[in-house]
Amino acid sequence: MVSNTLYINGQWVAALGGATRAVIDPATGEVIAEVAEGDRSDARRAIRAAREAFDNGPWPRTSPTERGRLVSELGRLISQHREELARLESLDTGKTMEESRWDMDDIAGIFTYYGGLADKMDGEVINAPLPDATSMVMREPIGVCGQILPWNYPLLQASWKMAPALAAGCTLVMKPSEITPMTTIKVTELATQLGFPPGVINLVLGPGHNVGAELAESLEVDLISFTGGIKTGKQIIRAASDNVKKITLELGGKNPHIIFADADQETALDAVLNGAFFHAGQICSAGARVMVAASIHDTFVNALQQRMATIRIGNGFSPETRMGPLISETHRTKVEQYVEIAQAEGATLLLGGKRPDEPELQQGFYYLPTLFTGCRDDMRIVQEEVFGPVVTVESFASEEEVVRRANSTIYGLSAGFWTRDQARIKRVSAALRFGTVWVNDFNIYFTQAPWGGYKQSGLGRELGRIGLEEYMEVKHIYQNHNPRPLHWFAG
Ligand code: NAD
């Protein structure tokens with residue numbers, strides 16, 4: 001890969017400072033590419049290009065139908081390049097090819113959905129409580145958007161932001177995670193084939209503390225849409241407060257997965273495994289906090305332990321693999337520290353808690369599926385986001401108790417529960433304080449439904465119609481058809 005991997009004002013360019021960064025395959029520790037490493041000066045020129053394209057360029061003034069057509073076309077190109085993109089995503093993140101292929105299908109669908117929605121965001125006519133007046137509510141693109149992305153679902157998270165922003169008529173500067181830029185580069189390349197005007201899509205690679213911070217601080221950026229950790233989210237809020245720019249934040253989660261005694265236990269167990277170990281648990285909505293009714297606790301934990309022991313770990317390119325590596329050595333060290341903390345807090349380690357022994361897994365950042373029981377609400381391993389293949393199990397005695405305890409978290413992204421009792425379904429789904437509640441399922445999301453967090457899991461929503469509204473300002477236009485003097489200041 002050449003180092004001209006920043007895309008600014010319709011041109012592929014190198015970083016002004018000439019810096020580059022090696023991108024690593026987490027399954028082997030090998031370098032897969034060398035890309036440009038931008039800094040604040042690169043972010044500034046991208047912001048200038050996006051500002052000019054928004055203020056004076058054709059894109060915000062292009063008809064929504066035409067904008068939607070281009071956005072849908074990008075979805076079609078993504079489908080055409082599904083295999084190549086999935087391969088790049090697996091190389092960059094270590095996830096299995098099968099998971100990356102699912103991601104690419106979702107991503108193509110997101111562009112198709114927002115392409116289709118672009119010309120359906122009608123305004124409203126208000127019945128003004130005044131005679132001879134017309135009152136209209138119009139939607140307009142919000143402006144220049146800074147989009148800051150995480151490493152766990154690099155292109156999926158990019159698509160959640162890019163597709164609605166473009167459909168709305170905004171211009172954007174994307175900053176992928178510095179460790180997983182490959183698919184975002186490729187999709188920007190695909191977009192260049194479609195005739196988006198220069199300055200509409202800009203891509204700046206580089207670290208958060210300068211490129212990301214510049215986007216958050218800039219007076220020229222109207223909206224920051226950020227997905228990442230809670231600590232960084234708080235920094236973004238502080239940085240963005242200087243010019244009161246709009247912000248949407250998709251932050252972390254610690255998501256309870258509750259199994260009532262009357263659940264279909266076999267299916268629930270399968271969902272617990274998927275919820276906790278897809279992408280090695282590196283999912284904001286991972287069901288890492290399992291809560292099991294006391295009467296079935298021991299049987300359920302036994303079965304969970306047995307199934308976890310059979311999870312096939314390995315390189316995501318092997319069709320046998322069900323769980324790949326963690327994203328980096330640094331991240332694996334963080335997971336290992338949490339495992340030590342849990343043991344020091346008195347949790348019982350039933351399985352895992354270490355790296356695999358297989359010689360072929362020694363170069364990658366692998367970690368074994370790890371099971372803790374005997375956990376309490378006040379443990380850090382229960383309250384904090386580990387973002388790895390680690391589940392904690394707590395037992396509970398009653399519905400009222402488990403709801404109260406599940407809600408006792410600073411997070412509020414998602415929760416799930418299993419029961420066959422219809423009345424309980426109604427009560428518990430109403431009582432859980434989370435942006436998404438799954439009943440008899442877990443970790444299901446789709447383009448048409450909103451996604452986002454209660455409490456410290458975020459601000460605003462992505463996906464669905466509301467995900468497009470986030471990129472639009474609402475303007476009220478009032479017209480008096482029969483103006484007459486009021487004579488209040490009659491002299
Ligand atoms: P992170 O917060 O470390 O980084 C996210 C992005 O922010 C990166 O691009 C990084 O370079 C940038 N950044 C870092 N410091 C910055 C600063 N000071 N100013 C501006 N930008 C800065 O998160 P991560 O480790 O890449 O991703 C994992 C986190 O993302 C987890 O907490 C996970 O829960 C969260 N996440 C949430 C959702 C959701 O939908 N709620 C989805 C995916 C991931």
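# Briefing: salt bridges, pocket and surface

Arg332 and Glu329 sit three residues apart in helix α11, about one turn of the helix. Helices (H or I, at least four residues) and strands (E, at least two) are DSSP runs, numbered from the N terminus. The model is predicted: local features need pLDDT of at least 70, side-chain atom pairs count only at pLDDT 80 or more, and totals for chains, interfaces and linings use all residues. Residues are numbered from 1 along each chain as its sequence is written, and side-chain values use heavy atoms, with hydrogens and water left out.

**Salt bridges**

- A salt bridge is a side-chain nitrogen of Lys or Arg within 4 Å of a carboxyl oxygen of Asp or Glu. The count by this rule is 36.
- Arg332 forms a salt bridge with Glu329, with the closest N and O atoms 3.2 Å apart. Buried means under 20% relative accessible area, exposed over 50%, and partly exposed in between (1.4 Å probe, protein chains only). Arg332 is buried because its relative accessible area is 4%. Glu329, at 34%, is partly exposed.
- Arg21 pairs with Glu37 in a salt bridge, and their closest N and O atoms are 3.0 Å apart. This pair links distant parts of the chain: Arg21 is in strand β3 (residues 20–24), and Glu37 is in the loop between β4 (31–36) and α1 (40–56), 16 residues apart. Arg21 is partly exposed, with a relative accessible area of 23%. Glu37 is buried, with a relative accessible area of 16%.
- Glu217 forms a salt bridge with Arg40, at 3.1 Å between the closest N and O atoms. Glu217 lies in helix α7 and Arg40 in helix α1, so the pair ties together parts 177 residues apart in sequence. Both ends are partly exposed: Glu217 has 36% relative accessibility, and Arg40 has a relative accessible area of 26%.
- A network of salt bridges links Arg289, Asp377, Glu394, Glu401 and Arg405.

**Largest pocket**

- On a 1 Å grid over the protein atoms alone, a pocket is an open set of points where a 1.4 Å probe fits, with protein on both sides within 12 Å along at least five of seven lines. Lining residues have an atom within 4 Å of a point.
- The largest pocket holds about 1,200 Å³ of space. A volume is the space filled by probe spheres set on the grid points, which are joined across faces, edges and corners.
- Its lining has 44 residues, of which Trp151, Phe226, Gly228, Gly229 and Thr232 lie nearest the centre.
- Elements giving two or more residues to this lining are α7 (208–217), β10 (223–227), α8 (230–240) and α11 (329–345). α8 gives the most, with seven residues.
- The lining divides into 19 nonpolar, 16 polar and nine charged residues. Here Ala, Val, Leu, Ile, Met, Phe, Trp, Tyr, Cys and Pro count as nonpolar, Asp, Glu, Lys and Arg as charged, and the others, Gly among them, as polar.

**Backbone**

- Most residues other than glycine have a negative phi.
- Val244 has a positive phi, near 45 degrees. Val244 is in the loop between α8 and β11 (246–250). Val244 is exposed, with a relative accessible area of 67%.
- His279 also has a positive phi, about 50 degrees, although it is not a glycine. His279 lies in the loop between α9 (265–277) and β13 (289–293). His279 is buried, with a relative accessible area of 3%.
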